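Thanks for coming. I have one structure today, and I will keep to what can be computed from its atoms.

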Amino acid sequence: MNKVMSNKWFITLYLLPALLLVGILIFIPLVLTGYYGLMRWDGIGAMEFIGLTNYINVMQDGMFWQSAGHSGLLAVFSTLSLAIYLAVSMILASKIKGSDLLRKIYLLPMLLSSVAIAQLWIKIYNPSNGMLNEILAWFGVQNPPLWLADPNIVLYSIFIPILWQYAGFYILIYYAALKNIPESIIEAAKIDGASPIQIAYRIKLPLIMGVVKVTIVLAIVGSLKYFDLIYVMTGGGPNGASEVMASYMYKLAFGTNNFGYGSAVGFMLLIITLIVTVIIRKVTADKEELQY
Amino acid sequence: MLKRKAVTSMCALVAGALIATGCSDAADGGNNGGAENNNSGNNANGGSGESATVEFMHLWPQGSSAQHHRIVNEIIEDFEAENENITIDLSVLSNEQYKDQITILSSSNELPDVGMTWAAGYLDPFVDGNMFAPLDDMLEDGLRDEFVAGTLEAYEKDGQSYGLPLELNTVYVYYNKAIFEEHGLEAPETYDELENVINVLNENNVEPIALGNRDSWTGSMWYMYFADRIGGSDVLTNAINRSGSFEDPALVEAAAKVQEMVQNDSFVSGFNGLADEEAKSMFMNEQSAMYMIATWDLPNYTTNEDVPQEFRDNVGYFKFPTVDGAGDTDSFVGGPGVGLFVAENSDVQDEAKQFAAYFVEQWGSRAVTDAGVIPATVVDGDALDLPDMYVDVLQDLNDATNLTLYADVQMSASVAQTHLDSIQALFGLDMTPEEFGAKHEEALSEEE
């Protein structure tokens, strides 16, 4: 068996199907997107090669950088919210009453499609008969915010359902990691007189640091390419106040029939995501992982 | 370490090359397949009695457009019964999905044989890309006369017709007669009267106008009407076709009037975050007194059995009022909605045209009576037993002095996007009327 596995030909043979799939489904479209970015193309008629014009225009496009800023903000929010998810997971993992039920409740949004979540929150945010403003009115708020119509707060109004949507996913990951920590270590710490906070911060967190790093990458990369909920809830509006990179790309390609420029934006999105990923890997790269 | 990296990248390259060749083979195969299809299509054309399949795609799903959907199915059934060698292969998508799908299909040159399109600016890239077949040959034998004057023209480019309009819509303000009566109000004929109506409603804590400006074409209609009343029927069209300017004082004033209405709390709160559907449901649940929409919504206020009779009886409409004594209330915003196209590269183009012509004729006679749609073909309203509102609307159409096509349809796709975004900013008071004009000028001059 060992002999077979060290045979380069066999390794290649086994890898080939996966390589082919990744190549066809991911790398070819990537390269094509970059290539279309070099064209003036309405998506329907003939393409015209215009060199790097689209890419140069993207660099100078205020709307692109604004949407990139919104994506960045979402990435920051998602990363910060990981702390909340982690705290919740720690509470759930320490045997409290009803933690099973709570875990299921947190998981619920994961089972809904983004469109359903968007519709649900559109109803909640409805300024005249939405749940949120009804509750605020109950507390005597005279002029409740226009959640999705006010350019200054629309972005945050959308972030909340996004964070809610992914809570279950991250809690599940953390929960699984926390459950893997041997009980004996925690017991030993308790005997040494460590408080629950100390156990969480000094023992549990370092032990699952590898998982935390992975979730940070997931959260940031996921945020940068986030699209669906925003598209359904506001379409990037009002007047671009909730536009993110992916929705801007979609609007250019399908809204304005400018596939060349849209592709260039898509390719920039790829490059930005790659750069950010590399940076996070560098920053979070640690000497050694703790072992138990 | 380095060596291993080199090996993997080599592998990736080799794999890439393999994939590339594999792909080009597949593409060739595809082309061959296409050619064979072509042949069989030609055979069918040869009249050897072989069957042909015409692909037809429309955007009236059963859920949201039940009446439309049913009539389409009936027309197809009848057509297939009369032409036994032709089968219609139907696919149905909802509006937004349809728009995306049709773009994707045309970029891969796989348009359905017959499908739906919008007029004017929307049509341009498809015509420029040789996607739609010119239809003048089929209009010549009498079909041309069936259409209401001005509707076919919206689908013309360089003197050729590329679409057969199915609907003709005009935009009105619908209002709830019960709410108006309760507060002693009457349908306004001037902007001052409209302002008064809005003030009275606001004083009585009734939301005056439902507006879903997340789909900013809804707000655009308000702006268009102000432009028409203040500057006359040509000022907006001229600004778009560059013989005029968006910085024309009349257009700037129209934008200012929009903001005046916003500042007077004329529209439901949070309108910039509401979809048109949500605004519509506010009006239909009697949470607001007025709602501006085109006549495609008429069935909801007349024949649609799913809407409570009591509400339908309460709905009236009025024409957009004159503004400061200026404007002609018989000048409408509106125009043809969707129309049929026939694909240029269709294998069964003759059959496709035959079906399209049949569809348009049948649609014309059935649309009003069965679906409550005002078709783009001439209807004799007197000969039919129609709800009063239809009779009135058909009469208005006869009396219309002008029909201004929706601004975002007149414009090219990218200018239209600028227009729609600016409309949201204008309504949100994020942009002055002057900036609004300048923004349009900038977008239009980039196109030149």
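First, the ground rules. This is a predicted model, in which local features need pLDDT of at least 70 and side-chain atom pairs count only at pLDDT 80 or more, while totals for chains, interfaces and linings use all residues. Residues are numbered from 1 along each chain as its sequence is written, chains are lettered from A and ligands numbered from 1 in the order in which they are written, and side-chain values use heavy atoms, with hydrogens and water left out.

Chain B has 18 helices and 13 strands. Those are DSSP runs numbered from the N terminus, helices being H or I of at least four residues and strands E of at least two. Of its 448 residues, 54% count as buried. Buried is under 20% relative accessible area, exposed is over 50%, and partly exposed is in between, with a 1.4 Å probe and protein chains only. Take the contacts in chain B with a separation of 6 or more: 75% of them are between residues 24 or more positions apart. A contact is heavy atoms within 4.5 Å.

Now helix α18 of chain B, residues 433-447. Its 15 residues should span 21 Å at 1.5 Å a residue, and the end C-alpha atoms are 22 Å apart, so the two agree. The expected span is 1.5 Å times one less than the number of residues. Which residues of α18(B) are buried? They are B:Pro433, B:Phe436, B:Gly437, B:His440, B:Glu441, B:Ala443 and B:Leu444. They cover an arc of only 170° around the axis, so they sit on the same side of α18(B); the arc is taken from the directions from the helix axis to the C-beta atoms. Their cover includes α8 (217-231), α9 (235-240), α10 (249-263) and α17 (413-427) of chain B.

α18(B) also turns up in the lining of the second largest pocket. That pocket has a volume of about 1600 Å³ and 47 lining residues, with A:Thr256, A:Asn258, B:Ser414, B:Glu446 and B:Glu447 nearest its centre. On a 1 Å grid over the protein atoms alone, a pocket is an open set of points with protein on both sides within 12 Å along at least five of seven lines, a cavity is a set where a 1.4 Å probe fits but cannot get out, and lining residues have an atom within 4 Å of a point. Points are joined across faces, edges and corners, and volume is the space filled by probe spheres set on them. α17(B) gives the most to this lining, seven residues.

Last, the backbone. Most residues other than glycine have a negative phi, and most peptide bonds are trans. A cis bond joins A:Gly237 and A:Pro238, with omega about -10°. B:Arg242 has a positive phi of about 75°, lies in the loop between α9 and α10 of chain B, and is partly exposed because its relative accessibility is 27%. B:Asp324 has phi near 50° and, at 52% relative accessibility, counts as exposed.
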